[in-house]
Amino acid sequence: MTMQTQKGTTAAPKPIQNVEEKLQKLREIYAGAPELGRVALERMMPELETAVRLAPKATTAGRIGIRQGKVSEFLLIFKLRPGGADRLRALLGVLGGNFQGADAVGTVHDMRFVLLDNDTKLLFATAFDGDWDPYIADFSTKIPDPLDVLFCDCEGYPGMHSPKVGEYLLSHQVQADGWYVANPNLTVAETRRLEKIGKAVDEFLDKVG
Amino acid sequence: MSTLEETAAGAPPAQALALELHEIQATVLRHRPAPYFGAHVLLRIDDARAGRELVRRLMPHVDSAASWWRPANAWLSVAISYAGLRALGVPDDSLQSFSEAFRVGMAARARQLGDEGVNAPSNWEAPFGTGQVHIGLSAFSDSEEKWGRVLAFAREQYERMPGVHLLAVQDFGFQPGDLNSLGYKDGIDQPAIEGSGVDSLPGQGPLIKAGELILGYPGEAGVPLPMPQPDVLGRNGTYVGYRKYQSRVGAFNRFLRAHASTEEERELLAAKLVGRWRSGAPLILAPDVDNPALGKDPRRNNDFDYAKDPFGRQAPLGCHIRRMNPRDTKLTRLTDVNLHRLIRRGTTYGPPYDANAVSEADDEVPRGAIFLFISAKAMATIEFLQQEWINDGNFIGAGDERDPIIGLQEKDATFTIPRDPVRHRIHGIETFHVLRGGEYFFMPSLSALKWIGNLEERGSIEQKER
């Protein structure tokens, strides 16, 4: 599998006068698709028409990246040094999904680490609240070790203490072309708060009910 | 008169001195006197040669921070915007070594700063955000007479200089009781800087590495922050975010009256918004009634943390001072509080606070505060504070709530006062401070000012050598 690593710039789509024109354009582009795709597209037309009529949900997050409501997507692709994939895999194995650093950060919804192209590349993808760059210095002073140990084998990684680390990450970011968020207005902090309130309400109802 | 400034200033240097104070401009470290008088003068440079001549003439009169803890009677500072550095003929490779936010200026960073709606640059007063503000002179003094002298001197320098254009003079001065334009004692909590030569006041918090606030020294991460080049230009300099706010005193008083029925209740509500009584006494140390003696005492009025008030029942989590310096508050986001502090030089302008001003016309009276927010990364810090701690509530688990004093409020905004057994949520809080304009400046060291003033000469020497 090969990945495109150039910056995904979702350039603003050309202004199309009306809904019908937009859908027609899509039909034309899909003319080259396998038949199964063309048929599916026709069946989806009512749904697509609704989508075109709705306002786009995505806005930009920071300099690159998409945001929906309060949640942003952040995807990085790095070239790995020889042996880096084995080290990372071993580390992720020991962690077993227990990322205490991410828990502490308090804004990270999820993280995935994927080794690509015969272990020569790392794809790191996450969804988080707000912007990351205002907090880059906080990561440097508060949790440099968990980040340095994860990313040390990425080519050119300057280390969390370097003032250049923000630029480095930005230069490896690839913007998604499409992205869905179920609860765009729920931050991690808000989710934790609601979870607590929900439990308290249930306990209260158990007592009175 | 016992003020923070005087008592702090009277303390002998105890903490080791590691800063080159004779190079750093006085305004960076000196607290404003009490009482204080002064003016901010904004200038445009139309001719580089004349601009450099002005810098050379002002140079000997720009005060350093040497012995900044001793009372001084008057001082002058010079700050230069990116457009100003260009207008003065600073070479391109130097210009490019400044950060992007500084180069484009405060108005162009409105999105990152959340300066929208009434605070948008399109609503600013001239000359802010026009690219014309090149030099900001600030004169501080402890008497009206000395202020007049400093200003007259400065005026002589720029008025007789064709090619230097005066854009605006903004007088400022202390108000009766040294209160700000909403009637509070302010300016109490300043960051304690490592190596600055003075012991911190009780409660001033951990010493902050000098490099966070002044260029050329190690910061909290152990390394110096990126610095403009060459070294002589950057070292011992710092950045200034200049923000002029107008206080909507009528709206503020109407809000207090609508949500509290007696004067006692009003004052308690006013204290809950800020986290301090108007006297300066913090709610953590004086939760139920004001204690003016405590408010006045610089060794006691900042000597607290939030360990015993995790839910904000004394000082609401969203109150102004808890947002601006959360201290040991447990935040929802991983945060190093030391990285987000600023030195503030607040200067009030216009008529003093009037508790009986309740009309909409009172909102339009030009009165408020001009802040100089000073740090080695002032642009990043101001943007951080605006985005995270002022115009959002997520970091304290308060959803969309904003800073009740300097936040830009949305329609039907709320302010939550935690209470036992249930919290009290006030609806309809308004924007009490409107941004009237702002600029980013670089405040060079004294050697850097000399370097800028002599740019032309050095250029010609280099040419001769070739």
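Where in chain B is the place of Arg327(B)? Arg327(B) sits in the loop between helix H13 (320-324) and strand S6 (343-349) of chain B; helices (H or I, at least four residues) and strands (E, at least two) are DSSP runs, numbered from the N terminus. This is a predicted model, in which local features need pLDDT of at least 70, side-chain atom pairs count only at pLDDT 80 or more, and totals for chains, interfaces and linings use all residues. Residues are numbered from 1 along each chain as its sequence is written, while chains are lettered from A and ligands numbered from 1 in the order in which they are written.

Arg327(B) is not a glycine, yet its phi is positive, near 55°. Arg327(B) is partly exposed, with 16 other C-beta atoms within 10 Å. With C-beta atoms placed from the backbone, a residue is buried if 20 or more others lie within 10 Å of its own, exposed if 12 or fewer, and partly exposed in between. Asp412(B), also not a glycine, has a positive phi of about 55°. Asp412(B) lies in the loop between H15 and strand S8 (414-417) of chain B and is exposed, with 8 other C-beta atoms within 10 Å.

The largest nonpolar core has 120 residues. Such a core is a set of buried Ala, Val, Leu, Ile, Met, Phe, Trp, Tyr and Cys residues joined through C-beta atoms within 7 Å. Among the members that touch the most others are Ala139(B), Tyr239(B) and Phe441(B). Helix H15 (residues 378-390) of chain B gives the largest share, eight residues. Domain 1 (4-205 + 449-465) and domain 2 (246-438) of chain B both contribute, so this core lies between them; domain bounds come from an automatic or database domain assignment. Beyond its neighbours within four places in sequence, Ala139(B) is in contact with residues including Gly38(B), Leu76(B) and Trp147(B), contact meaning that C-beta atoms, placed from the backbone, lie within 7 Å.

Chain A is divided into domain 1 (19-54) and domain 2 (60-171), whose C-alpha centres lie 36 Å apart. Where the chains meet, the contact takes 18 residues from chain A and 19 residues from chain B.

Terms used: Two residues are in contact if their C-beta atoms, placed from the backbone, lie within 7 Å.
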